[in-house]
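Please read them with the structure open.

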Amino acid sequence: MRLIPRLLLSLLVLLPMAASAAPAAAPLVEGRDYERIAQAGPFQPLAGKIEVVEVFGYTCPHCARFEPQLEAWAAKLPADVRFTPVPAAFGGAWDAWALAYYAAEEVGVAKRSHAAVFKALHEQGTLPMQNVSADELATFYKAYGVAPERYTQALRGDAVQKKVDAARAFAQRTRIPGTPALIINGQYLVRGSSFDDQLRIASALIAQVRANRGR
């Protein structure tokens with residue numbers, strides 16, 4: 001009868017020792033884990049918020065594979081962090097899909113339809129990678145309750161074009177090497193050897209920005 005209490009006591013003694021023996025997270029290394037952005041500055045400053053931008057392309061297969069994992073990670077970000085997808089406007093089909101994204105944002109369905117666009121392009125083949133038409137896009141977004149005329153009007157409007165221009169300028173200023181690219185508070189471009197690694201580094205950089213603010 002005395003053996004069990006003794007075992008429990010031994011475990012309680014060993015637990016703090018095991019915790020102290022656990023290796024600490026390796027510090028981030030500039031040039032390996034991230035790059036400092038020379039012309040630093042967030043995409044859309046918001047007081048009190050740390051900005052996480054993903055520059056993505058709907059036709060990018062790496063972005064499509066990253067999307068489910070990124071979405072799950074972004075959903076758990078603290079309240080002081082704002083996640084902002086920014087479509088890459090590199091010309092050609094990239095611009096067409098950047099316009100498509102911002103038109104969906106203009107009519108209020110970008111968040112609900114975002115993952116579905118990747119699936120339509122990369123899994124279902126129901127949308128074309130190249131030369132997507134306004135009618136094809138309007139038909140797709142009709143499934144989200146948007147009247148085709150309303151979507152087409154947004155797609156061709158000045159407000160959407162200005163957003164694409166701003167997205168292009170941001171990608172050029174931050175000198176992203178490709179997509180997907182994660183940028184923390186307009187200061188750091190995340191590197192990393194895998195999607196898991198990129199998210200680990202992004203989380204550490206968010207904590208670093210938060211700690212620097214508290215100094």
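1. Is E51 buried or exposed? With a relative accessibility of 2%, E51 counts as buried, where buried means under 20% relative accessible area, exposed means over 50%, and partly exposed lies in between (1.4 Å probe, protein chains only).

2. Before going further, please note that this is a predicted model, in which local features need pLDDT of at least 70 and side-chain atom pairs count only at pLDDT 80 or more, while totals for chains, interfaces and linings use all residues. Residues are numbered from 1 along each chain as its sequence is written, and side-chain values use heavy atoms, with hydrogens and water left out.

3. E51 is joined to R82 by a salt bridge, with the closest N and O atoms 3.2 Å apart; a salt bridge here is a side-chain nitrogen of Lys or Arg within 4 Å of a carboxyl oxygen of Asp or Glu. Because R82 lies in strand β3 (residues 81-87) and E51 in strand β2 (residues 50-56), the pair ties together parts that are 31 residues apart in sequence. Helices (H or I, at least four residues) and strands (E, at least two) are DSSP runs, numbered from the N terminus.

4. Together with helix α2 (residues 61-74), β2 and β3 make a right-handed β-α-β unit, right-handed meaning that, with the strands pointing away from the viewer, the path from the first strand over the helix to the second runs clockwise.

5. The whole structure contains 11 salt bridges, and one of them links E35 to R191, with the closest N and O atoms 2.8 Å apart. As E35 lies in strand β1 and R191 in the loop between β5 (188-190) and α8 (195-213), this pair ties together parts that are 156 residues apart in sequence. E35 counts as partly exposed at 30% relative accessibility, and R191 counts as partly exposed at 36%.

6. E30 is found in the loop between α1 (3-21) and β1 (34-36), and its side chain makes a polar contact of 3.1 Å with the side chain of R36. A polar contact is a pair of N or O atoms within 3.5 Å, of which, within protein, one must be able to donate a hydrogen and the other to accept it, and residues adjacent in sequence count only if both atoms are side-chain atoms. Although E30 and V190 are 160 residues apart in sequence, they are 9.7 Å apart in space, C-alpha to C-alpha.

7. A further salt bridge, at 3.4 Å from N to O, is formed by the side chains of E106 and K163. E106 lies in helix α3 and K163 in helix α7 (residues 158-174), so the pair ties together parts that are 57 residues apart in sequence. Salt bridges also link R32, D33, D197 and R200 in a network.

8. In helix α5 (residues 134-142), the buried residues are A134, L137, A138, F140 and Y141. Seen down the axis of α5, these fall within an arc of 160°, so they line one face of the helix, the arc being that of the directions from the helix axis to the C-beta atoms. D135, T139 and K142 are exposed on the other side of α5.
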